[in-house]
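Have the sequence and the 3D view open as you read.

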Amino acid sequence: MRKSLFLVLVVIIFGMTSCSLHDGLTHNLNQNSTNVVLQDNNYTIVQKVRGESQADYFFYFGGFRKKGLIEEARADMLENANLIGSSKAVINETVETSYTTFCGIYSNVKVTVSGYVVEFKE
């Protein structure tokens, strides 16, 4: 009787724990056909920009798919970069994802996209 009570207690304790997982990849996800050559000293790094998006899930329902979160974070980053009307570009784009869950009931996914803004000289 005590062994089964102990086993039930252990299962309950492990079932109520929370977890968190992080991953990050540096890659260029831009699908445009513009080629930028950074071999010459014809540019300066202006700033580092970032954009974030997140979604909450209850019992694995809610939020957006991961691709939607990355697109939202990238749009936020590009808005913060202020590229319109200037000779600037975003380089070295990094996508970081953080997954947090509690007991399989609640989960949070947070995506951060960051990069460097370079401005080209004439």
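## Salt bridges at a glance

Searching the whole structure turns up three salt bridges. Keep in mind that this is a predicted model. Arg 50, Glu 52 and Lys 110 are joined in a network of salt bridges, and there is also a salt bridge between the side chains of Glu 93 and Arg 74.

Start with Arg 50 and Glu 52: they form a salt bridge whose closest N and O atoms are 2.6 Å apart. How accessible is Arg 50? Its relative accessible area is 47%, so Arg 50 goes down as partly exposed. Glu 52 is partly exposed too, with a value of 36%.

Glu 52 also pairs with Lys 110, and here the closest N and O atoms are 3.9 Å apart. That still makes the list because the cut-off for a salt bridge is within 4 Å. Lys 110 has a relative accessibility of 31%, which puts it among the partly exposed residues.

## The Glu 93 and Arg 74 pair

Now for the other salt bridge: Glu 93 and Arg 74 meet through their side chains at 2.8 Å, N to O. This pair links distant parts of the chain, 19 residues apart, with Glu 93 in strand S3 (residues 88-102) and Arg 74 in helix H2 (residues 66-81).

Are these two residues buried or exposed? Glu 93 has a relative accessibility of 5%, so it counts as buried. Arg 74 comes in at 15% and is buried as well, because the cut-off for buried is under 20% relative accessible area.

## The chain around them

What does the rest of the chain look like? There are two helices and four strands, and reading from the N terminus the order is α-β-β-α-β-β. Of the contacts with a separation of 6 or more, 74% are between residues 24 or more positions apart.

As for the surface, 25% of the chain's 122 residues count as buried.

How values were computed: Residues are numbered from 1 along each chain as its sequence is written. This is a predicted model: local features need pLDDT of at least 70, side-chain atom pairs count only at pLDDT 80 or more; totals for chains, interfaces and linings use all residues. Side-chain values use heavy atoms; hydrogens and water are left out. Buried means under 20% relative accessible area, exposed over 50%, partly exposed in between (1.4 Å probe, protein chains only). Contact means heavy atoms within 4.5 Å.
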